[in-house]
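Please walk me through this structure in plain terms.

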Amino acid sequence: MASTSALSPVKSDNALLNALRLVPGVLLLAAIGYAGKFLERFLNTYAKAHHWMFPNIEYVLWAILIGLAIGNTVGVPKLFQAGIATYEFWLKLGIVLLGARFVLADVLKLGGISLALVVIEITLSLALMTLLGRMFKLKPKLISLLAIGSSICGVSAIIAAKGAIDADDEDSSFAIAAILALGALALFTFPAIAHALRMNDVSYGLWAGLGVDNTAEATAAGALYSDAAGKVAVLAKTARNAMIGFVVLAYAIYWAGRGQAEAVTDKAAFLWRKFPKFILGFLLMSSLVGFHVFSKAQIGSLGNLSKWAFLLTFAGVGLRTNFRDMSKQGLRPFVVGALGEVLIACLTLGLVVGANRIWGL
Amino acid sequence: MTTDTSMETSSSKGTALSLDTWALIVAFVLALAVRFDILKNVPW
């Protein structure tokens with residue numbers, strides 16, 4: 001007892017110090033996000049006042065570009081790194097709060113369509129990446145990681161799978177680098193292609209949610225097109241994330257069967273451990289709105305809070321994308337990833353166009 | 001870092017909450033603040 005109470009102040013000191021370490025990076029994320037908002041407003045007003053034909057560049061893109069510029073030129077000092085790593089927390093917070101902007105019936109309808117498309121997308125992506133990996137003679141576990149990362153949810157899925165299939169650190173950093181580099185490219189190519197094809201918000205949102213691997217990049221790619229497309233992209237991506245446990249479990253069983261990973265004893269516990277719990281928060285928030293817990297103005301406030309959380313995420317996406325580090329990872333995994341991603345993007349585009357014809361999105 | 005989809009936010013592994021749990025807690029605290037109009041006059 002005595003030892004516990006003696007340790008408590010040390011523990012709370014550590015917790016406080018850990019929290020304080022986050023402050024500079026979080027402030028930097030907020031400053032970049034705010035600068036993005038400011039630039040959007042300022043340039044629009046300036047262009048209007050001077051009768052310029054200046055394209056409306058959304059704050060999302062500004063936040064990413066400022067982050068990219070800082071991260072790839074002066075770099076991010078160590079002082080800020082812990083706080084910048086919280087971008088994933090802001091992403092999850094933003095998604096839970098975004099639940100307030102969805103009526104549960106819409107979630108069920110769009111989520112149902114997304115889930116149906118997700119199952120097809122995952123099956124085809126896994127097969128395609130495995131085939132490409134074998135053609136390019138990549139290491140078997142690297143193929144598994146790339147297949148999992150590109151079919152479900154990028155970095156989180158790779159981290160979840162790394163432990164489950166007992167993969168090397170080197171393989172997982174290869175796979176993560178490839179997925180991040182391709183995610184960064186998708187940020188610019190997806191909206192441009194969608195504008196050229198004149199896709200509607202729902203179709204584009206579904207495409208971004210199905211085709212872009214990492215949740216932060218999928219959210220940003222959606223928001224770059226329009227607010228409505230951003231919402232749908234998050235929903236489709238969330239449906240994809242929900243499948244993470246099943247795919248990782250299948251791979252864990254496969255590698256355990258070959259004696260190259262630990263056997264999974266309790267499959268239900270494994271699935272629950274891998275399930276992204278923030279999805280439950282998203283659904284609960286949407287249900288609360290359905291039960292009229294919040295007024296219209298309050299739903300607006302929750303939507304604004306969600307936008308602010310995403311703004312910090314987008315600043316983090318820009319800051320942590322380092323092209324120099326990515327280029328060090330080697331060309332072959334990147335080529336396999338790029339080829340796979342282009343094919344998956346075409347495939348998911350076909351799926352969305354097909355769904356649009358069947359269900360009239 | 002755990003092998004879960006989320007990172008632990010503290011070095012004390014046994015007691016640390018996952019990132020998902022933190023996101024849920026903060027989101028619902030904010031939702032409560034909005035529900036009781038504590039954040040009513042924030043200029044978003």
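**A walk through the two chains**

A:Lys137 sits in the loop between H5 and H6 of chain A. The model is a predicted one, and in it this lysine has a positive phi of about 55° although it is not a glycine. Most residues other than glycine have a negative phi. A:Lys137 is exposed, because 9 other C-beta atoms lie within 10 Å, and a residue counts as exposed at 12 or fewer.

A second residue of this kind is A:His292, in the loop between H14 and H15 of chain A. A:His292 is not a glycine, yet its phi is positive, about 55°. With 8 other C-beta atoms within 10 Å, A:His292 is exposed. A positive phi, near 60°, also occurs at A:Asp166, the residue that follows H7(A).

Before going further into the fold, the confidence values deserve a look. Chain A has a mean pLDDT of 84, and 94% of its residues reach 70 or more. Chain B averages a pLDDT of 71, with 61% of the residues scoring at least 70. In residues 1-14 of chain B, pLDDT stays under 50, although the model has 33 contacts beyond four places in sequence for them. Where pLDDT is low, the predicted coordinates should not be read in detail. For the complex, the predictor gives an ipTM of 0.74 and a pTM of 0.76.

Helix H7 (154-165) of chain A is a covered element. H7(A) has twelve residues and spans 16 Å from its first C-alpha to its last, close to the 16 Å expected at 1.5 Å a residue. Eleven of the twelve residues are buried, which leaves H7(A) mostly covered. Among the buried residues are A:Val155, A:Ile158, A:Ile159 and A:Ile165, and A:Lys162 is buried as well. The buried residues of H7(A) pack against five helices of chain A: H6 (140-151), H8 (169-197), H10 (215-225), H12 (244-257) and H13.

Another packing arrangement joins helix H4 (residues 87-98) and helix H14 (residues 278-290) of chain A. Their axes come within 7 Å and cross at roughly 25°. H4(A) is therefore roughly parallel to H14(A), since angles under 35 degrees count as such. On the H4(A) side the contact is made by A:Lys92, A:Ile95, A:Val96, A:Leu97 and A:Leu98, and on the H14(A) side by A:Phe278, A:Gly281, A:Phe282 and A:Met285. Sorted by class, this contact has seven nonpolar residues, one polar and one charged.

A:Ala116 is in helix H5 (residues 104-135). A:Ala116 and A:Ala239 are 123 residues apart in sequence, and 9.4 Å separates them in space, C-alpha to C-alpha. A:Ala116 is partly exposed, because it has 14 other C-beta atoms within 10 Å. A:Gly300 belongs to helix H15. Between A:Gly300 and A:Ala100 lie 200 residues along the chain and 8.6 Å between C-alpha atoms. A:Gly300 is partly exposed too, with 15 other C-beta atoms within 10 Å. A:Gly259, in the loop between H12 and H13, gives another kind of example: A:Gly259 and A:Leu283 are 24 residues apart in sequence and 39 Å apart in space, C-alpha to C-alpha. A:Gly259 counts as exposed, because it has 7 C-beta neighbours inside 10 Å.

The last part to visit is the interface between the chains. Chain B contains one helix and zero strands, and 25% of its 44 residues count as buried. How many residues of each chain are in contact with the other? Chain A contributes 30 residues and chain B 19. On the side of chain A that touches chain B, the elements giving two or more residues are helix H1 (2-49), H4, H7, H13 (267-274), H14 and H15 (296-320). By class, the residues on that side divide into 16 nonpolar, seven polar and seven charged. H4 and H14, the pair of roughly parallel helices, are thus among the elements that touch chain B.

Conventions. Residues numbered from 1 in each chain as written. Chains lettered and ligands numbered in written order. Predicted model: local features only at pLDDT ≥ 70, side-chain atom pairs only at ≥ 80, totals over all residues. Axes fitted to C-alpha atoms, helices over the stretch in contact; angles between N-to-C directions. Helix = DSSP H or I, 4+ residues; strand = E, 2+ residues; numbered from the N terminus. Parallel < 35°, antiparallel > 145°, perpendicular 65-115°, else oblique. Contact = placed C-beta atoms within 7 Å. Nonpolar A, V, L, I, M, F, W, Y, C, P; charged D, E, K, R; others polar. Buried ≥ 20, exposed ≤ 12 C-beta atoms within 10 Å, placed from the backbone. Expected span 1.5 Å × (residues − 1). pLDDT = per-residue confidence, 0-100.
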